[in-house]
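Here are my notes on the model you sent over. Have a look at the picture first, then go through the points in order.

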Amino acid sequence: MRYLILSDVHANLEALRAVLAHAARKSRDAVLFLGDAVGYGGAPNQVLELLRGLKGRVVSVRGNHDRVTLDASQGVVFFNYHARRAVEWAAGVLTPANRAFLKRLPQGPLDLGDGVAICHGSPADEDEYLLTEMEALEGFRATRAFVTFFGHSHVPWVFELGTDGERLSLAGYPLRGTRITVDLHPDRQYLINPGSVGQPRDRDPRASYAVYDSRLRRLSLYRVPYDVAGARRRIMAAGLPQVLADRLLHGA
Ligand SMILES: [Fe+2]
């Protein structure tokens, strides 16, 4: 099976369009969406309509921004000021059909079989960031899949769990570059972040996505330039904080 993996689109229509155009010629059996369709960006309805219109099998989990957009009162607990402004605005403009679609997104993790699972933050908790090896160890305890794809941190990253003689070995490393291929070792277990389509945070402003071939156990990660100026204009036109537009320039 070949999976197209998208995460953290964050209402960035220009980035999602660029990624889908880039991925269009690659064969795929399913699309995996790891959550956060909305939040931060200026095109929540357009992004949801594009996601809803994807052809073929699509398996999705909700992100924390998807959840909080449906219940903006949670923003006080979970979000900083700018993130809260964006979900409050999105909550006010969503069409009933798009709101219903968001409501139907299940909470992860989901195990798809085929050695593949998906979640938003961590397999243990959708709001938790997997940034360190200690955090990844907790995540590995909550999934049995060979590879679990996660989002939320917006940074393309691989955690690899194996054994070194009797001892567990755990390594984490970023994926940097325009096209990176990683062959997964059949005797190890993986937590992998495909990066963010709509709000990268690894100082590379290009949109990020991945393709995973479960037969070859091969991950390919791609970075795609997109119309950042157009995405910024939408954020400003919506009256959202300038910082949300500016961070797209820097991938931060
Ligand atoms: Fe996110």
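1. Ser-208 has Arg-223 as its bridge partner in strand 12. In total, 7 bridges join strand 11 (residues 207-213) to strand 12, and the two run antiparallel. For the terms: two strands count as paired if DSSP finds at least two bridges between them, while helices (H or I, at least four residues) and strands (E, at least two) are DSSP runs numbered from the N terminus. The hairpin has 4 residues between its strands, and Arg-217 takes a positive phi there, near 55 degrees.

2. Some housekeeping before going on. This is a predicted model, where local features need pLDDT of at least 70 and side-chain atom pairs count only at pLDDT 80 or more, though totals for chains, interfaces and linings use all residues. Residues are numbered from 1 along each chain as its sequence is written.

3. Which sheet does that hairpin belong to? The order 3-2-1-11-12-9 describes an open sheet of 6 strands with mixed pairing. Strand 3 (57-60) and strand 9 stand at its edges with a single partner strand each, so one side of each lacks a neighbour in the sheet. On average, neighbouring strands of this sheet are turned by 20 degrees against each other, direction ignored.

4. On the strand 9 side, strand 12 (residues 218-224) is joined to strand 9 (residues 179-183) by 5 bridges, and the pair runs antiparallel. Here Ile-180 has Leu-221 in strand 12 as its bridge partner.

5. Now for strand 1. Because 4 of its 5 residues are buried (20 or more other C-beta atoms within 10 Å of a residue's own; exposed means 12 or fewer, partly exposed in between, with C-beta atoms placed from the backbone), strand 1 is largely enclosed by the rest of the structure. Strand 1 has 4 bridges to strand 11, running antiparallel, with Val-211 in strand 11 as the bridge partner of Leu-4. Another 4 bridges join strand 1 to strand 2, this time parallel, and Leu-6 stands opposite Phe-33 in strand 2.

6. The parallel pairing carries on from strand 2 to strand 3, with 4 bridges; Leu-32 stands opposite Val-59 in strand 3. Strand 1, helix 1 and strand 2 make a right-handed β-α-β unit (with the strands pointing away from the viewer, the path from the first strand over the helix to the second runs clockwise). Helix 1 lies across strand 1 (2-6), strand 11 and strand 12, at about 35 degrees to strand 11. Axes here are lines fitted to C-alpha atoms, for helices over the stretch in contact, and angles run from 0 to 180 degrees between N-to-C directions.

7. What about the other sheet? There, 6 strands form an open sheet in the order 4-5-6-10-7-8, with mixed pairing. Strand 4 (110-111) and strand 8 (167-174) are the edges, each with a single partner strand, so one side of each is left without a neighbour in the sheet. Strand 7 (residues 157-164) and strand 8 run antiparallel and share 8 bridges, with Thr-163 opposite Leu-168 in strand 8. Helix 7 (residues 133-141) packs on the sheet, touching strand 7, strand 8 and strand 10 (189-193), and its direction makes about 115 degrees with that of strand 8. Contact means that the C-beta atoms of two residues, placed from the backbone, lie within 7 Å.

8. Helix 2 (residues 44-52) buries Pro-44, Val-47, Leu-48 and Leu-51. They cover an arc of only 95 degrees around the axis, which puts them on the same side of helix 2; the arc is that of the directions from the helix axis to the C-beta atoms. Their cover includes helix 1 (13-23), strand 2 (30-33), helix 5 (81-93) and helix 6 (96-104).

9. In helix 9 (residues 242-250), which residues are buried? They are Leu-244, Ala-245 and Leu-248. They fall within an arc of 100 degrees seen down the axis, so they line one face of helix 9. These residues pack against helix 5 and helix 8 (228-237), whereas Gln-242, Val-243, Leu-249 and His-250 are exposed on the other side. Gly-251 follows helix 9 with a positive phi, near 65 degrees.

10. Finally, the whole chain. It has 9 helices and 12 strands, and 45% of its 252 residues count as buried.
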